[in-house]
Each structure stands twice: as structure tokens, then as C-alpha cells.
Amino acid sequence: MNYLSAENISRNLGERWIFNAISFGLQKGEKVALIGKNGTGKTTLMETLVGMQSPDNGKITIRDGIHVGYLPQNPSFNENDLVINYLFSEELASSKAIKAYEEAMESGDPKALENAFALMDSAQAWDYESRAKQIIAKLGIPDSHQQISTLSGGQKRRLALAKLLIESPEIMILDEPTNHLDIETIEWLEGFLSGPNVTLLVVSHDRYFLDRVCTRMIELAQGNIYNYNGNYAYFLEKKAERETSEASTVAKAKNLYKKELEWMRRQPKARGTKAQSRIDAFYETEEVAKRKADDSKLDLQLQMSRLGNKIIEINHIYKSFGDKKIVEDFTYTFKKKDRIGIVGNNGAGKTTFLQLLTENLAPDSGTIDHGETLVIGYYTQMPFDFKPGQRVIDVITDIAEVIHYGKNNTLTPSQFLSKFLFETQKQYTPVEKLSGGEKKRLQLMQVLVKNPNFLILDEPTNDLDLETLQLLEDFLSDFQGCLLLVSHDRYFMDNLIDQLLIVEGNGVIRFFNGNYTDFRNSDASEQVSKLASEPVSKLASELVSKLASEQVGKASKKLSYKEQKELEELEKSMPKLENKIQLIEQEIAELSDDFEKITKLAKELENLKADLEEKEMRWLELTE
């Protein structure tokens, strides 16, 4: 079933065509990735699809009754609003239905209850509350009565994502949904968006996310659109084939163009007798021959400052904020060519730890000693800081008039900007007019222009396009200094680091030898042992005693028709769940070293037990 169609749509922003006469569609249940370099117009295309901008030509058709939800890179809020009011808007049919249902239950009026049941059915709101609670918990949404103005940028973005997932529109258009999420939450989001009823158009730089969620890629390049039916790995293969084929076609057209141009330039008398079909063919050949390939690439060849033997020595540091411990008794001496990743849940203290290393924060006790030759390049995830009206070139000129580049070469700020794909015209543009990805690229330049020998990168992949990410990854692979990396991009982490610092919270930071996939496989084995040793019967008995203590003194009430049906369904589904759990536990016990399958089964086992626990709790509530 076709949900959305774009037919020959075009958008011109004055200087150039962002896209020209492009067509594509979204079918029910499709998961489509929109791919393109920063500045090619991905955000413009998404805003056009959701009606925030109008196409200059063409038509966008959305099937009747289909609601489209959009998550922008920078969501807007009423800063004075409360979190709960933002999440549960009165405009939502399901919110209205739940409110009417609660009021009818309190009043006990049979007519009001009948109307409330009908409203809940029509709004499909019976599972709305439990779904909302799960989403809020998984995304770490703060206190529901907190004012939005008090939230950080990352919390606001997670809040906007939570609202969209709770509303559950038929089509979700998401711009970098994994930004500001920790890895565990991203893995949960992958499962959520992979559901059969989710229709998705997404921009993401996370290659594992694209491979695991999306089954079709749409590439936006030089105003055209290219379709690839497959995952991201398939897209890379077919894109390379397309570019090779196009280069060959252009080369042939150039040779033919030279011959036909000579023919076209013959005296006017002869031109009158020329075949019109050959003239038309000439202009078609000319168009192909003059087509320019987009071969612009980031050029990273920076010099590294000399690094001495003493780098950073950390001795028994302790840091806390009130009762919350961030680091407790941590000691480490950095060595040359250390390549360390930092992982941990949001709020565990990763960024605070980096602030301590860079001496932007002082430890409560212990010492952090920097070597004399140490030059730290610190890329933060904080919003890019620039002065109003400041031009792109001024950002670099304010740091250095001469930049050391490559082997014994120097560049002017303008030449340096060109290496980072800021053409001359763009260099004199105010920073506020750049796209999100272009601002991140400029922020990266601020870090690298100092020729650091110790790179600390806090979420460097956010808002960068996939091609720039690949080039950054290549540069960091060859970087001879120390690298300390915080990233939720698992592919990026796996390819660059060989040690992990696990920030567990409550002051605990421990080392793990290996990359992120190694850690997840190791962690999965521990989870399997723990889950398999927890019998379901023990869980059930704990629930019974807990519920019994809560229900003492409460008056019983007669079940409604809806509740009676729910109880019958629970009594059928719970034994099936118990049997499935036993089968998976047996399968896990028979596996030895297939860590990928163990991880998958462990997550499934955890979800099944959580589902059974929820059903048992509900069954006990109803029978009580």
C-alpha cells in the first residue's frame, strides 16, 4: 500500500537547484534511508515532504488518513511548558480518550463508561499508556513536571523523539534520531523501528543502524535521486558501480562531442541541410559531456606536534557532585598511541571525565599531570560557539594566520578551509547560515588547526555525513598520537579503538581490552548466565507477595467486560511465553562460542521475561 508519493518535485533556493524533478514513494512498512553529503539538501527534502516548505514544481501526495511525524535536527519547544504537557498533548485522540476513561472510572457512571470504552476503541488507546511508559523509560526522559527550559540540548532532543514515538504516526521522518542516545538505547530504538507497522524515512550517519533497520537507500546527489534496494553495505557496492559507469559514459560523450562540435561549426549554408535529429543528439551529448562529477573530498593531512614520553598521568582522582559520584580512586598513565573508547549510559559521567582530563574541571582529590609537550585537541558535543555575524573564515583566522599542513607545508586560512570543502564563496558566509553538518565540520577544523598530539573526541560523528565520517575514520586510523573517543557510533568505535573505559556510574570506571563488539559479546555471555539462572517461578512468587501486600485493605470490584476478555487472553498467552522461555534457555545452553547468536538470544530472553512479568502482574491485579 502506497503511503506517500513525490512526483517530479523540485526546489530552488536561488543559487542552485537543491533537487530537480525527482520522484519516489514510500510503501507501508518500508524502512528507507536518505543519504547524501552535508549541504546537498536532505533537510530541505524532508521539510518539503512534511509541508514545512513547498516544492517549486511537482506534487506530493499522502494517502488519506495517514499522519506524518517529523523529528528535525533542532526541535523547537515552548520553553515554559512542562515535560508532561509536551508529551501528552490534548490534540492527541489517544490522550483525550485516556482522560475520558479515567474520569468515567472515577464517576462510575455506566453511560460515561460506555462512551469512554467506545472512545478508547476508536483511538486504539488501550496499549497507549504502557507504550508511553516504556518509551519514556528507555529514552531517559526527566521528571515529567520539569520545565523544558531546564533541560540540556540532548535531553530536549530525546524528549522530541519520545513524543513522536508515543504518537506513533503512520509515517516517521527522522533526521539523525540516534544523536544524544547511548548505545544501549540505540539498540532498543533499532528494535522499535524495525516493527512491521513502522514506515520510516531516516537520515542517519550510524552505519550499524542503517544496516539493521533500513532495506532501501535513497541517495541525493547533485540535485538527482538514486534508489538502491538493499542495506547500506549493498548501497556502497552499487554506488561505486554507478559512479564508474557514469564516468565511462561522460568520457565517451566528451570524445563524441569533439567530433560533433566540428560538424556543428561548419558554415551556415551547410547547417541548413543538417538533419534535425543529429542536431538534437548533439545537444544531448553536450549536456552529458559537460556533466561534472562530484569528486570533492575532505583532505586531512595535518602535522602532529611532537609528543614526549610524559603524556597524562592520573593518580587516585575522585570527583562527585553532591551525593553523585563521578570518579572514585581512578589511576592511569597514558602511553603513546593509546586508542581508547569510552562507553556508558547517559548521565554516567563520560563528559565530566573528559572535562577532568582537559583541566576544565578540577578533581576533588588526586592529581592529573600533563606532559610539557602535550597539545590536546578537544572536540566537544556542546553546540558550536560563534559570534553573531561571524564569517566562516574568521573562525579559523582568529586561531591562526598560518597553518602547518602535511609534510613541512603551510596554508592560509582560506586554503585550509578549501581542504575541508568550504569553497571561496562559502568562506565569507555567516556561520549561522551553515547546515548542521557544515557547522560540525568547521568545529572539527577548530580542533585540528592546532596540530594536536592527543585527540579527545566527544561524539564527533553527530551530524556528519557518511562520506566525511569515512574520511575522518581513515585520518584517525593513521593518527600517530593518542586518541580518546566517546561515540555512540558502534561501527566507528570498532574500527578505531582497541581498549574501552566502561563508565558504570557511582564512581566506577573499569578497563576492557577489546573494541565495542568484543565488549558486547563478553557482556552478553554474563547476561545469559544471569538470566538463565533466574527461574520464572521465583519471579512469579515475588510478584504475588508484592501485589498481596499492596492490595491489603483495598475493596474488590467487579471486572468490566473489557477486563474479563483481557484476563482470558492473559491465561492463554502466559503458558505459551513460559514454554518459549524454556526453549530459548535450552538453546543458549547448547551454544558455546557463537557470541552473535548468544547476544541475540539473550536480548530475546530478557524481553520475554519482562513481557511475562508484566502479564503476571496484570493477571494478579485482575484476579485480585
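In this predicted model, the side chain of Ser5 makes a polar contact with the side chain of Asn2, at 2.4 Å. Ser5 belongs to strand β1, which covers residues 2–12. With a relative accessibility of 16%, Ser5 counts as buried, because the limit for that class is under 20% relative accessible area. Leaving aside residues up to four places away in sequence, Ser5 touches Phe24, Gly25, Lys59, Ile60 and Thr61.

**The two sheets**

Strands of a sheet pair through backbone hydrogen bonds, either parallel or antiparallel.

| Sheet | Strand order | Pairing |
|---|---|---|
| Six strands, open | β5-β6-β7-β3-β8-β9 | mixed |
| Three strands, open | β11-β10-β13 | antiparallel |

In the six-stranded sheet, with the order β5-β6-β7-β3-β8-β9, the edges are formed by β5 (68–71) and β9 (224–228), each of which pairs on one side only. From one strand to the next, the twist of this sheet averages 15°.

The bridge partner of Leu220 in β9 is Ile225.

The three-stranded sheet has the order β11-β10-β13 and antiparallel pairing. Its edge strands are β11 (324–333) and β13 (365–370), each pairing on one side only. The twist here averages 25° from one strand to the next. Strands β10 and β11 run antiparallel and are joined by seven bridges; Ile314 stands opposite Tyr332 in β11. Helix α12 (residues 350–357) packs on this sheet and touches β10, β11 and β13. The direction of α12 makes about 130° with that of β10.

**Helix α4**

Helix α4 comprises 13 residues, 110–122. At 1.5 Å a residue, α4 should span 18 Å, and its end C-alpha atoms are 19 Å apart, which agrees. The buried residues of α4 are Leu113, Ala116 and Met120. These three cover an arc of only 65° around the axis and therefore lie on the same side of α4. The exposed residues Glu114 and Ser122 are carried on the face of α4 turned away from its buried side. At the start of the helix, a side-chain oxygen of Asp109 reaches to within 3.2 Å of the backbone nitrogen of Lys111.

**Residues with positive phi**

Glu176 has a positive phi of about 55° although it is not a glycine. Glu176 lies in the loop between β6 (171–175) and α7 (183–193), and its relative accessible area of 4% makes Glu176 buried. His316, likewise not a glycine, has a positive phi of about 50°. His316 is located in strand β10, residues 312–321.

Methods:
Residues are numbered from 1 along each chain as its sequence is written. This is a predicted model: local features need pLDDT of at least 70, side-chain atom pairs count only at pLDDT 80 or more; totals for chains, interfaces and linings use all residues. Side-chain values use heavy atoms; hydrogens and water are left out. Helices (H or I, at least four residues) and strands (E, at least two) are DSSP runs, numbered from the N terminus. The expected span of a helix is 1.5 Å times one less than its number of residues. Buried means under 20% relative accessible area, exposed over 50%, partly exposed in between (1.4 Å probe, protein chains only). The arc is that of the directions from the helix axis to the C-beta atoms. A polar contact is a pair of N or O atoms within 3.5 Å; within protein, one must be able to donate a hydrogen and the other to accept it, and residues adjacent in sequence count only if both atoms are side-chain atoms. Contact means heavy atoms within 4.5 Å. Two strands pair if DSSP finds at least two bridges between them. Axes are lines fitted to C-alpha atoms, for helices over the stretch in contact, and angles run from 0 to 180 degrees between N-to-C directions.
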